[in-house]
Amino acid sequence: MAKSKGIILLVEDDKNLGIVIRDFLEMSEYEVILRENGRDGLDEFKKGSYDLVLLDIMLPLLDGFSVAEEIRKTDCDIPVIFLTAKTLKEDKLKGFRIGADDYITKPFSTEELKLRIDAVLRRSRRNAEKSSVFNIGRYKFDYPNHILSIADQERQLTKREAELLHLLCINMNNVLRRDLALKTIWGEDDYFMGRSMDVYITKLRKMLGNDPAVSIVNIHNTGFRLEVRNRE
């Protein structure tokens, strides 16, 4: 069996169109999960792990714009493409403001859709590769291999330590919201998960303690900020 080119969540309430798109993309070596309303689509996104989301806008129960807004609260990076009959400029602008990577108006050819998916995924994966190794002051963080190093010393991080430090690095010198970190890494935003995350923050502070220009700052009732100060 050929290796999958990626896993796509397709949310489309037109049953026939959804099946046509799903079958075509599967023939193009993508794995596709199809849901027919916005609520089911959002629930499926929270359960699964996807490379890209294809969203109709006029969905029952929860419209595509609202689904995309909920997705962006927990995942700023996953590519989202809107499929819609809405052709007004205002709708397109709203889609891009929410964070869409592309906006395709119906009717469209399945071949065009595949080419646009290929292009969005290429761009997304290229950006992910560029952001996989971070310089944190005198430290270097190799996220794919979960290695934090300084000078000739290397430290192997656990998966959860690496995921939390990765989120802090993506938001370096900006605030990382607690709720986003909890939902992204722990899957839930509650008191006990919050205490667990605080323990990991304390561990990361110790690991980064050999460079006084680096600190993880508490932002009251909001989250954390990984700060890297310029050296004088």
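Mentor: Residues are numbered from 1 along each chain as its sequence is written. Since the model is predicted, local features need pLDDT of at least 70 and side-chain atom pairs count only at pLDDT 80 or more, while totals for chains, interfaces and linings use all residues, and side-chain values use heavy atoms, with hydrogens and water left out.

Trainee: Let's start with helix α2. Which residues of α2 are buried?
Mentor: Helices (H or I, at least four residues) and strands (E, at least two) are DSSP runs, numbered from the N terminus. Buried means under 20% relative accessible area, exposed means over 50%, and partly exposed is in between (1.4 Å probe, protein chains only). In α2 the buried residues are G38, G41, L42, E44 and F45.

Trainee: What covers the buried residues of α2?
Mentor: Contact means heavy atoms within 4.5 Å. The cover includes β1 (7–11), β2, β3 and α3.

Trainee: Which residue caps the N-terminal end of α3?
Mentor: A polar contact is a pair of N or O atoms within 3.5 Å; within protein, one must be able to donate a hydrogen and the other to accept it, and residues adjacent in sequence count only if both atoms are side-chain atoms. At this end of α3, a side-chain oxygen lies 2.9 Å from the backbone nitrogen of F65. That oxygen belongs to the capping residue, D63.

Trainee: Which residues of α3 are buried, and what covers them?
Mentor: Helix α3 spans residues 64–74, and its buried residues are G64, F65, V67, A68, I71 and R72. They cover an arc of only 160 degrees around the axis, which puts them on the same side of α3. Their cover includes α2 (38–47), β3 (52–56), β4 (80–84) and α4 (89–98).

Trainee: Next, helix α4. Is D91 buried or exposed?
Mentor: D91 sits in helix α4. Not counting residues up to four places away in sequence, D91 touches F65, K86 and Y103. With 14% relative accessibility, D91 counts as buried.

Trainee: Which residues is K92 in contact with, leaving aside its neighbours within four places in sequence?
Mentor: K92 also lies in helix α4. At 31% relative accessibility, K92 counts as partly exposed. Its contacts are T87, Y103 and T105.

Trainee: Where is S28, and which residues does S28 touch?
Mentor: S28 is in the loop between α1 (15–27) and β2 (31–35). Its relative accessibility is 13%, so S28 counts as buried. Not counting residues up to four places away in sequence, S28 touches K5 and K114.

Trainee: Which helix gives the largest share of the lining of the largest pocket?
Mentor: On a 1 Å grid over the protein atoms alone, a pocket is an open set of points where a 1.4 Å probe fits, with protein on both sides within 12 Å along at least five of seven lines; lining residues have an atom within 4 Å of a point. The largest pocket is lined by 43 residues, of which T74, D75, D77, I78 and T184 lie nearest its centre. The largest share, seven residues, comes from α5.

Definitions and conventions
The arc is that of the directions from the helix axis to the C-beta atoms.
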